[in-house]
Amino acid sequence: MSIKENLLAINKTIPDTVTLVAVSKTKPMSYIQEAYDKGQRIFGENRVQEMTEKWENLPKDIEWHMIGHLQRNKVKYMAEYVSLVHGVDSPRLLAEINKQAEKHNRIISCLLQVHIAEEDTKFGFNEEELLELVDNEQFKAYKNVKIVGLMGMATFTDNLEQVRKEFSGLKSLFTKLKSNYTDFTTLSMGMSGDYKIAIEEGSTMVRIGSSIFGSRN
């Protein structure tokens, strides 16, 4: 199937209340243009250099989401244009995003990444660290970042009940924080292999790559 056909098929499985991020990392610009021509406007990348090159060369109404683990020294290269940072996993990274956003007179929307998987390789805050962060006076003083929700990645496993439990736990945490923070509107969870479960458990944003563009090289 073509990229256009894949997009059409996936959009049929996603409710209007859920935002689709087309994960275009490692994919050529021609693939992104094809998806763009079909109406897709939000794309996710995991390398700042690659994302910046694509931003420079592709239509300017594209929203670029940084979905990978982000190093602090790379923030300055994307602060001018990035729409949403999915993986804020430390207070120091958040401070750097605020600093670089201020230089461009921008407010950058961010999601706090929560560690929900059983794998050690995943980044993110645990619940205690998260609650500590959002209660911190320094955090409240940031003027150039806007925390709009949470992001989490489930364990890579065939045990779908475990995946469901992890997503359900993240949704509970999101609901708890949402009652105190009106900007909390986005819960980013679910990828090609588990996005349907994520949506059932309350996801408002899914990150889908291989089901649109084919498997990664």
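**Close-up views of ring pairs, helix packing and loops**

A search of the whole structure finds 4 aromatic pairs, where rings of Phe, Tyr and Trp (its six-membered ring) pair if their centres lie within 6.5 Å. The structure is a predicted model, in which local features need pLDDT of at least 70 and side-chain atom pairs count only at pLDDT 80 or more, whereas totals for chains, interfaces and linings use all residues. Residues are numbered from 1 along each chain as its sequence is written, and side-chain values use heavy atoms, with hydrogens and water left out.

**View 1. The ring pair of Phe43 and Trp64****.** The ring centres of Phe43 and Trp64 are 6.0 Å apart and the planes meet at 40 degrees, so the pair is tilted; planes under 30 degrees apart count as stacked, over 60 as edge-to-face and the rest as tilted. Phe43 belongs to strand β2 (residues 42-45) and Trp64 to strand β3 (residues 63-66), so the pair ties together parts that are 21 residues apart in sequence. Helices (H or I, at least four residues) and strands (E, at least two) are DSSP runs, numbered from the N terminus. Phe43 is buried, at a relative accessible area of 0%, and Trp64 is buried as well, at 1%. Buried means under 20% relative accessible area, exposed over 50% and partly exposed in between (1.4 Å probe, protein chains only).

**View 2. The ring pair of Trp55 and Tyr81****.** With centres 4.3 Å apart and planes at 10 degrees, the rings of Trp55 and Tyr81 are stacked. Trp55 lies in helix α3 (residues 48-57), while Tyr81 lies in the loop between α4 (75-78) and β4 (84-88), so the pair ties together parts that are 26 residues apart in sequence. Trp55 has a relative accessibility of 17% and counts as buried; Tyr81, at 8%, also counts as buried. Lys60 lies over the face of Trp55, 5.1 Å from the ring centre. For such a charge over a ring, NZ of Lys or CZ of Arg is within 6 Å of the ring centre and within 35 degrees of the ring normal. The buried residues of α3 are Val48, Glu50, Met51, Thr52, Lys54 and Trp55, and what covers them includes α2, β2, β3 and α4. Contact, here and below, means heavy atoms within 4.5 Å.

**View 3. Further ring arrangements at Phe174 and Tyr36****.** Phe174, Tyr181 and Phe184 are linked into a cluster by ring pairs. At Tyr36, the charged end of Arg41 sits over the ring, 3.6 Å from its centre.

**View 4. Packing of helices α1 and α2****.** Helix α1 (residues 3-12) packs against helix α2 (residues 29-37) at an angle of about 50 degrees, and their axes are 9 Å apart. Axes are lines fitted to C-alpha atoms, for helices over the stretch in contact, and angles run from 0 to 180 degrees between N-to-C directions. The helices α1 and α2 are therefore oblique to each other; angles under 35 degrees count as roughly parallel, over 145 as roughly antiparallel, 65 to 115 as roughly perpendicular and the rest as oblique. The crossing of α1 past α2 is right-handed. A crossing is left-handed if the near helix is turned anticlockwise from the far one by less than a right angle, and right-handed if clockwise. Ile3, Lys4 and Leu7 of α1 make the contact with Tyr31, Glu34, Ala35 and Asp37 of α2.

**View 5. Packing of helices α6 and α8****.** Helix α6 (residues 127-135) and helix α8 (residues 160-178) have axes 12 Å apart and pack at an angle of about 20 degrees. The two helices, α6 and α8, are therefore roughly parallel to each other, and α6 passes α8 in a right-handed crossing. From α6, Glu127, Leu130, Leu131 and Val134 meet Leu173, Lys176 and Leu177 in α8.

**View 6. The surroundings of Glu201****.** Glu201 lies in the loop between α9 (195-200) and β8 (205-208) and counts as buried at 18% relative accessibility. Not counting residues up to four places away in sequence, Glu201 touches Arg164, Phe167, Ser168, Lys171 and Met189. Glu201 and Met189 are 12 residues apart in sequence, with a C-alpha to C-alpha distance of 9.3 Å.

**View 7. Positive phi at Thr26 and Asn105****.** Thr26, a residue other than glycine, has a positive phi near 70 degrees. Thr26 is found in the loop between β1 (19-23) and α2 and counts as partly exposed at 35% relative accessibility. Asn105 is not a glycine either, and its phi is positive at about 55 degrees. Asn105 lies in the loop between α5 (91-103) and β5 (108-114), and at 71% relative accessibility Asn105 counts as exposed.
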